[in-house]
Amino acid sequence: MGRGEESESLIQKMKSKGNLKSFRVEEAIRATPRHIFVPEECSEYAYRDTPLSIGSGQTISQPSVVAKMTEWLDPQEGEKILEIGTGSGWQAAVLSRLVGQGGVVYTVETIESLADKAMENLLLAGVNNVEVIKGDGSTGLFEHSPYDKIICTAASPGIHNEWVQQLKEGGVLVAPIGSKQLQNMVALKMEKGKTRLIKHERGYRFVELKGERGFDSG
Ligand code: SAM
């Protein structure tokens, strides 16, 4: 089976299990080959619905989780998105297809070597509307705020004030919130200056958010 066929088979499996519903998100995933974003040693597993190690104790998220978080975030053409936790760059690349050339994705990664590799991966995938920033995203990224959408792809102990302050009116924030071991996926919408919970689902396990507002921040 070629890589294109493997990708198609994964997409069809996610659809049949109800994990991929939006045609726009399906098209964005189809246009973003996951094998470019995984280390060579686990390339053969790139199209399995599983997280994979990307080094430094971190992972590229499971495709069906990326699909769901992207659907909940619902990126639109021309939007400005902040991602906290670049990892391999795959989620950012999927988002970049949805915001299009008129939009931009800022993605923050705390581990320098991963940020460098993600930049390489994005270049190889032909993505030019993602900016990778090295640093601590636990307090968001004030510099380019406010954002239409914010997505955190590491387990966070809470929704941090800075994230809420950096979200536009009508904007959406998606993040796994809970303990280091287990999180709820939540989606919040900014309405009249306050956030309202619009979706939540139990049973997620992400690598932990580090930094000033992360776990063990003292
Ligand atoms: N979105 C990624 C992808 O598509 O490959 C997967 C992200 S991985 C599950 C979580 C990432 O969050 C890790 O790369 C980790 O280093 C990063 N991270 C943890 N704490 C962070 C922080 N405070 N600021 C920025 N990145 C952080």
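Visitor: How many residues surround the ligand, and which are the closest?

Guide: In this predicted model, whose residues are numbered from 1 along each chain as its sequence is written, local features need pLDDT of at least 70 and side-chain atom pairs count only at pLDDT 80 or more, while totals for chains, interfaces and linings use all residues. Side-chain values use heavy atoms, with hydrogens and water left out. The ligand is surrounded by 27 residues (a heavy atom within 4 Å), and the closest are Ser88, Glu109, Asp136, Gly137 and Lys210.

Visitor: How does that shell divide into nonpolar, polar and charged?

Guide: There are eight nonpolar, 14 polar and five charged residues, where Asp, Glu, Lys and Arg count as charged, Ala, Val, Leu, Ile, Met, Phe, Trp, Tyr, Cys and Pro as nonpolar, and the others, Gly among them, as polar.

Visitor: And which backbone atoms lie by the ligand's oxygen or nitrogen atoms?

Guide: For polar contacts (N or O pairs within 3.5 Å), a backbone N or O atom of Gln91 is 3.0 Å from a ligand oxygen, a polar backbone atom of Gly85 is 3.1 Å from a ligand nitrogen, and a backbone N or O atom of Thr110 is 3.4 Å from a ligand nitrogen.

Visitor: Which elements give two or more residues to the shell?

Guide: Those are strand E2 (58–60), helix H4 (90–99) and strand E4 (104–109), as DSSP runs of at least two residues for strands and at least four for helices; E2 gives the largest share, three residues.

Visitor: Changing topic, how many aromatic pairs are there?

Guide: The count is two, with ring centres required to lie within 6.5 Å. Tyr106 and Tyr147 have ring centres 6.4 Å apart and planes at 65 degrees, so the pair is edge-to-face, a label for planes over 60 degrees apart. Tyr106 lies in E4 and Tyr147 in strand E6 (residues 147–152), so the pair ties together parts 41 residues apart in sequence.

Visitor: Where is the cis peptide bond?

Guide: The cis bond joins Ser145 and Pro146, with omega about 5 degrees, and Pro146 is in the loop between strand E5 (130–134) and E6.

Key:
Polar contact = N/O pair within 3.5 Å; in protein donor to acceptor, adjacent residues only side chain to side chain. Phe/Tyr/Trp six-rings, centres within 6.5 Å; stacked < 30°, edge-to-face > 60°.
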